[in-house]
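Please keep the sequence and the structure in view while reading.

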Amino acid sequence: MNNCLSNARIALETLVKSVASELGAKPEQSDRFGAALTFLVKTDYLDRGQEKSLSGNYLLVSPGAHRPVGFSEQEYVRFGRHLALSSCYFIVKKWNGLHQE
């Protein structure tokens, strides 16, 4: 189950870092998830609320995140995977919107 969350987290991290790189981030600005998010806020690609949401989602599916009371492991993985993939979808839709203008 944990591998599923790891794969979803890696997809989100790779996507955010790739967008930052495509928008002109230097390697040190796009080599880590947090640095890439900060760059995307500074370039007005994301606003602060979107940054907080994406970083929170990333943290939720990171190793060591604790499962909330009342969730089975299977439910937590399903929830985390959906959250991470929805975040990826948001980044892709935003990227596509940027390039359709």
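Leaving aside residues up to four places away in sequence, L40 touches V16, V19, A20, L23, Y45 and L46, where contact means heavy atoms within 4.5 Å. The model is a predicted one, in which local features need pLDDT of at least 70, side-chain atom pairs count only at pLDDT 80 or more, and totals for chains, interfaces and linings use all residues. Residues are numbered from 1 along each chain as its sequence is written, and side-chain values use heavy atoms, with hydrogens and water left out.

L40 belongs to the largest nonpolar core, which has 17 residues; L12, V16, L40 and L46 touch the most other members. A nonpolar core is a set of buried Ala, Val, Leu, Ile, Met, Phe, Trp, Tyr and Cys residues joined through side-chain atoms within 4.5 Å, and buried means under 20% relative accessible area with a 1.4 Å probe, protein chains only. Two or more residues of this core come from each of α1 (2-22), α3 (33-42), α4 (48-60) and α5 (73-100). The largest share, six residues, is given by α3. A second, separate core of six residues includes L5, V61, Y76 and A84.

The chain as a whole has five helices and zero strands; helices (H or I, at least four residues) and strands (E, at least two) are DSSP runs, numbered from the N terminus. Buried residues account for 33% of the 101 residues. Of the contacts between residues at least 6 apart in sequence, 49% join residues at least 24 apart. Along the principal axes, the C-alpha atoms fill a box of roughly 45 × 30 × 20 Å.

Notes: Buried means under 20% relative accessible area, exposed over 50%, partly exposed in between (1.4 Å probe, protein chains only).
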